[in-house]
Amino acid sequence: MGGLAALSLAVAGGLVAAAPSASAEKEQRYIVVLKDGVVDAGTAAAAQRGSYGLSVSTVYRAAVSGYAATMTASVAARLAADPGVDFVTLAREFEEPPAPEPTTQMEPLWWLRIGGTASGDTDPDGEKDATGVNVAVIDSGIDGNHPDLNVRGGVDCSTGSPVEVDPTDDVGHGTFVAGVIGAKDNDEGVIGAAPGTPLWSVRVVNDAGVITEEMLICAIDWVTETRKDEDPKNDIEVANISIGGPGTETGDCGKGTDPMHYAICRSIKAGVVYAVAAGNSGQDIAGTVPATYDEVLTATAMADFDGKPDGLEAPVCGAEDWSAVGQLDDRPAFFSNYASESEDQAHTIAGPGVCVTSTAPGGYSVAHGTSFASPAVAGSVALCIGAGACEGSAKEVMSQFLDITAAYNEENREFGFEGDPLRPVDGQYYGYLTQIAQYGTE
């Protein structure tokens, strides 16, 4: 289940076209971002295909006005000078690295650790919705038939273009993420941070287990389009991306340099709040994207083994003893990335990422990683919006959410963990612990 917990990014990969000779230029995949004045991206892509001899694979119209295409480097250089083109970049590719070790069996404690309490008012029919806030899971898909999940629909972006599908998940990672966000309060299975919230599956992993930049931009573009179409019922307010890889912060929201950053910023402007995983390399998030982007909520992982904030429990999850890797209860997860630069600290927040129990295709499982701290944050944001405590633009919602989280931790000092801003680790900032205990009650 943790197989996609932190995904690495190969910046330079590309497809190689058949060449008539060894000296011929190789074709590679590129992302073309058009200038805002271009009326229709599809029309422009068709015209530029004819003018430059490139091959267009998909067109983006919502988060980004542009398209993905295959061409040689010399064609890309000429295309970048076209008066209708803003910038052209090589398309990046993502791969699955191994999950953090050790793995273990089920121990359902993370929900209690961030303030979950059993109300006794469960809904056996699964009709209850804690928020009414649509949340997108940009991942390997979601098991749409899982009885513990309120899956409303979704698309498959694994080809680089959105295709409406009945949501499925052959990998399991996205279904696990979905359960942390919104598993129903239905007296069975597990419960999510925002129980029963509507979930939308956006698949970005192809059958070979590959994740490309075209897929991710397709997903961001589709999520953004829901904010612009005529159907208010599908408006995505929160999106979770538990995917990441090597990269750095780019100025001006990536304009001219990073189309994925550019797309996320446009999507945020349209009204979507993004929660993303910090990564599992035990390194500064300044070298990881999208975690280092200032416009997203970046989730680090802390470890909890008893659902309580006392730090006294032995570091055992199921049959696995985490003391072998130096892990202690209520401490930062040994594998979690962290922030050090002030700009990154400003958007970093923590969630449980060790011994996390959630939904799996056809059942339930346990996994570890910042991939599963991020959806705890996404679910918390959905609760905040649903309670009316976070409102306004996506940027305003993110700011209010961070302020509320900080205030809760400061007023309840026993709630957090060794490594939060009240008990800092020198040079390693993990953020305040997200909470679901108190929204709209003050």
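Trainee: What makes the crossing of H4 and H8 left-handed or right-handed?

Mentor: The crossing is right-handed, because that word is used if the near helix is turned clockwise from the far one by less than a right angle, and left-handed if anticlockwise. Mind you, this is a predicted model: local features need pLDDT of at least 70, side-chain atom pairs need 80 or more, and totals for chains, interfaces and linings use all residues. Residues are numbered from 1 along each chain, and side-chain values use heavy atoms, without hydrogens or water.

Trainee: Which residues of H4 and H8 make the contact?

Mentor: On H4 (173–182) they are His173, Phe176, Val177, Val180 and Ile181, and on H8 (370–386) Ser371, Phe372, Pro375, Ala376, Ala378 and Gly379. Contact means heavy atoms within 4.5 Å. The axes, lines fitted to C-alpha atoms over the stretch in contact, come within 7 Å and cross at roughly 40°.

Trainee: Why is Ser242 called buried?

Mentor: Its relative accessible area is 0%, and buried means under 20% (exposed is over 50%, partly exposed in between, with a 1.4 Å probe and protein chains only), so Ser242 is buried.

Trainee: What joins the side chains of Ser242 and Asn240?

Mentor: A polar contact of 2.9 Å; the term needs N or O atoms within 3.5 Å, one able to donate a hydrogen and the other to accept it. The Ser242 side chain also reaches the backbone oxygen of Ser371 at 2.7 Å, and Ser371 is one of the H8 residues in the helix contact.

Methods: Axes fitted to C-alpha atoms, helices over the stretch in contact; angles between N-to-C directions. Helix = DSSP H or I, 4+ residues; strand = E, 2+ residues; numbered from the N terminus.
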